[in-house]
Amino acid sequence: MAELRTEEFQVNMGPHHPSTHGVCRLLLTLDGEKIIKVEPYIGYLHRAIEKICENRTYPMCIPILDRFEYVTAMSCNYVFSLAAERLAEIEVPERAEYLRVIMLELNRIASHMIFFGTTVMDIGALTPFLYALREREMIMDLFEMTCGQRLTYNYIRIGGVSRDIPKEFIPKCRETIKTIDEKIEEYKRLLNGNPIWKARTIGIGKLSPELAIAYGASGPILRASGVEYDLRRDDPYSIYDRFDYKIPTYQNGDVYDRYMVRLDEMQESCKIVAQALDGLPEGDIRAKVKPNFKPPEGEVYTRIENSRGEMGVHLISDGTNKPFRLKARGGSFAHLQLLPEISKGCLIADLVAIFASFDVILPEVDR
Amino acid sequence: MIATSVTFWLKDLLGSIGLSGDLLTIATYGILAVAVFSLLSVLALFLVWWERKVAGHIQQRFGPMRNGWHGWYQTLMDGLKLLQKEDILVFTRDRMVFFWAPIMCFVAAFAAYIVMPFGEGLIVADLNIGILYIVAITTFTIISLLMAGWGSNNKYALLGGMRSAAQVVSYEVPMVVSILIVVLSAESLSMVKIVEAQGGWIWNWNIFKIPVVGLVAFITYIIAAVAEANRTPFDLPEAEQELVAGFNIEYSGMKFAMFFLAEFINLFTVSAIAVTLFLGGWQGPGPASISFIWFFLKTFAVIFLLMLFRWTYPRLRVDQLMEFAWKFLIPLTFVNLIIAAVMKHFGWYLGN
Amino acid sequence: MGLIKKLPVFAEKVPGGGIVTTSIEQVLNFAQAKSLWYLLFGTACCAIELMCTGASRYDFDRLGMIFRASPRQSDLIIVAGTITKKMAPRLRTLYDQMAEPRYVIAMGGCTIKGGPFYYDSYSVEKGIEHIIPVDIYIPGCPPRPESLLEGCLNLSKQIQKRKLGDWQEK
Amino acid sequence: MTKEELKSYLESNYPELTYSESGKYDLLFIVEAQKLVKTCEKLRDDVKLQFNYLGNISGVDTTENYLTVYQIASISNKLRLDIKVILPHDNPSINSVQSVWPAANWYEREIWELYGIEIHNHDNLTRFLLPDDWDQGHPMRKDWDAPDFIRFPQK
């Protein structure tokens, strides 16, 4: 029998596609359903945040950086404030540090909820997405109570936080983290025993630790590959050394492990929030910072553990009231360039699962 | 008193007002066709609404609420809106293929109801090869999906069409073998005979009447039927997250509505077949005049089960889907068939 | 549907035809207003709020709105998020692919006038009205789900006020 | 290894690195453009350091020079280091560090695109952040101007 001639063809996935989570374009070269090559094309959400930040005063940069990574806007606020504080050597009050930790961890949970929902939805089950968003709403309520916004907070400012938490916050927060902790157990029961879920995730998109480090992967993706590296512990910032928490690490580096790392991380975050609520001291919420904030000359690169890996800000000051250069680094940028490496030879459905498990948020890539 | 079938009764009625010959046949079947068509259209509209309600309640929402009591005329509004939408004909060399695909899908979905016994005597035509006819006619759906995929001149649609063809062809085998087990025990291909071979009580249904084998056959049939109806966890042809909308990506307005309705009619078809073959059909306690109530009750129960599947499970991958069919389901159904044949030989049935 | 568009021309000539046209008009507009299937089109922050509006607490499905991934089958495009100059032609393509009658909701500041922050950005399109016609503007950065729901209800009211055949001309 | 130890270690073992005072929190060293790739390889393969992780590369336009700053880290030894390269303002060009850290690929593409710094030995130097038909130069440069770009005065 003569050999059948097959032909490769190219499919554009995006910029508008349900599973690219925003506006990323993946140019797939396919052989049937099998993927031969993936080329990500980005820039559909390039808003020139870095350029316009050079044109703003320091406090004005914070709301813009909210939009840099809107799913964890608190981290964006924080990483910039931290950079400015390190430049100007500002001492932050104790209470403000605690409030920051509470907000950062709550936001981490909210972000992982989005991850959980969208990943499960991309693998075909729509219902857990709505469960995840239901729990996320509880955290949104807490944020709304504190700073009046649901998504872009502008809460963590240079030298502290913008306002104190209301009275009702603490009991409601305790209740919320308790519920979320229980719900995460429920999610695990819902999916981890499901044979279809296991078949779709275990062994898919394996990422070796060497490749992960070489390509600059960070956060949950690095930990799912067996590298126990968490900036909260290994490059300490804020007051994370005062809390007792584990760093969930898995060994296989497949979609399932990346999913499990995040679920476990949510529970650890719940623990941190509970401890921070217990230890919350009284006092000032903001250090004295001049309205016309002018840090001395110098440069600093701060990095924190965001829900999508290392989030960094490279801030260069020339002594004026505007940053001379602000480079924002998001974890997704590195993860997206890793995608072509590990999705060769898999099927379209796997590519969707891998892409979802990276939890790429496009504004962080395009800026 | 209902005659042996509603068809004969209608024929008598029309004959009594003076019709005869070919005209009589045409008039009889014309009326029946209209009746079945309207019944199924209403059913499909209802199923869409019901699906949305079930989905909503599983997801802690309400589903449609604003249009009438709990949104009861929501799908009617959807249908009316789709009627007004612009009918886009995409630029493609195979315009005829693109045009005829939804119509074919729609017709194939309806044609199966010619031999569907809705109740005692409530059947359009009691063909002696009834179940074979259904299996044959529902296969037309694949061709229409392939046509839609090819004619759309869109790579996603083509992938969706190819996936659906591969999937339906694979799952046709376990489905037919599961059906064979019932045919073996009823010794007939006629839908009416199959129902009559069962009884009204639960132990007289094929699912329990043929001990264990019947249950296994029912489960394999349901799995194959879910795949046949292109529903989660086997909804690969229209996998939203992978292929955007699959084979129907380029269809708008009424053509899309045809696909949409056909999908829900297929859902009803596979559930109705499951009821007829395994769950005693229209048989149930009470007089024959309420037999259709039993039929619809059982069918809705099966549909509800399929809806629960849809909103609970993730989706399988293409190769896993094929592996499941060829490496697990087909051997299982064949072994099941052999056991059923042995049981038939020795007459090991309950209730006989 | 050309037939429906021509209906008033014929119906007006017969006595009492005006009443028939009006009532058909009402029914058809009502159907359009009550079944707005929206295209999943989110680019930035507003997309998360769009997702939240579809989820349990706010629930678009109550209003009969469900999402479709294909532009051919959607009636409404909710432009959620910043549109950059690179994305603008794609948005136009999506809009062109949608079947008439189609509606546009501009959600969030970025889609209205380029957003509260990007006024000096070189790559952000200053408002989507330069690209596609907009029916409803929803301010906010990002708008709350309640305001999105309000916007959809307002759109639904606007549709019901339309005359038969109006939508063809847009 | 603490920050001071790392500093003294680098100063004694790496003569090509020069310490810079402008780094406020982490150590900042300056290296010549020609020696960059060699030094990076050495830093990565040094058993005592193992800088195997590239966090970020930022390009900077100081109006007199262009800078590229490499933020690297060691995962096993938990160290952080910044390496700065100063490039001339006319025809800036630099060698790619892709062979040392594959992660550099996109960062260097971005610098090439937004700053116009030529990258040698890069395997895929194509436009990706800006629109495909962009013809207005390199927007992150300080002297970049466009009709709809408003610059506020520095105070």
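What is the volume of the largest pocket? In this predicted model, the figure comes out at about 870 Å³.

## The largest pocket: who lines it

There are 31 lining residues here, and the closest to the pocket's centre are B:Asn154, B:Lys155, B:Tyr156, B:Glu250 and C:Gln97. So much for individual residues; here's how the lining looks by element.

The top contributor is α4(C), which gives 4 residues.

Sorted by class, the lining of the largest pocket splits into 12 nonpolar, 12 polar and 7 charged residues.

## The second largest pocket: who lines it

Next up is the second largest pocket, with a volume of about 400 Å³. Its lining is made of 18 residues, and those nearest the centre are A:Val38, A:Pro340, D:Asn105, D:Trp106 and D:Asn124.

On the element level, β3 (34-41) and α12 (331-342) of chain A, plus α3 (104-115) of chain D, each put at least two residues into this lining. β3(A) takes the largest share, with 5 residues.

The class count for the second largest pocket reads 7 nonpolar, 5 polar and 6 charged residues.

Key: Residues numbered from 1 in each chain as written. Chains lettered and ligands numbered in written order. Predicted model: local features only at pLDDT ≥ 70, side-chain atom pairs only at ≥ 80, totals over all residues. Heavy atoms only, no water. 1 Å grid on protein atoms, 1.4 Å probe; cavity = no way out; pocket = protein on both sides within 12 Å on 5 of 7 lines; lining within 4 Å. Points joined across faces, edges and corners; volume = space filled by probe spheres on them. Nonpolar A, V, L, I, M, F, W, Y, C, P; charged D, E, K, R; others polar.
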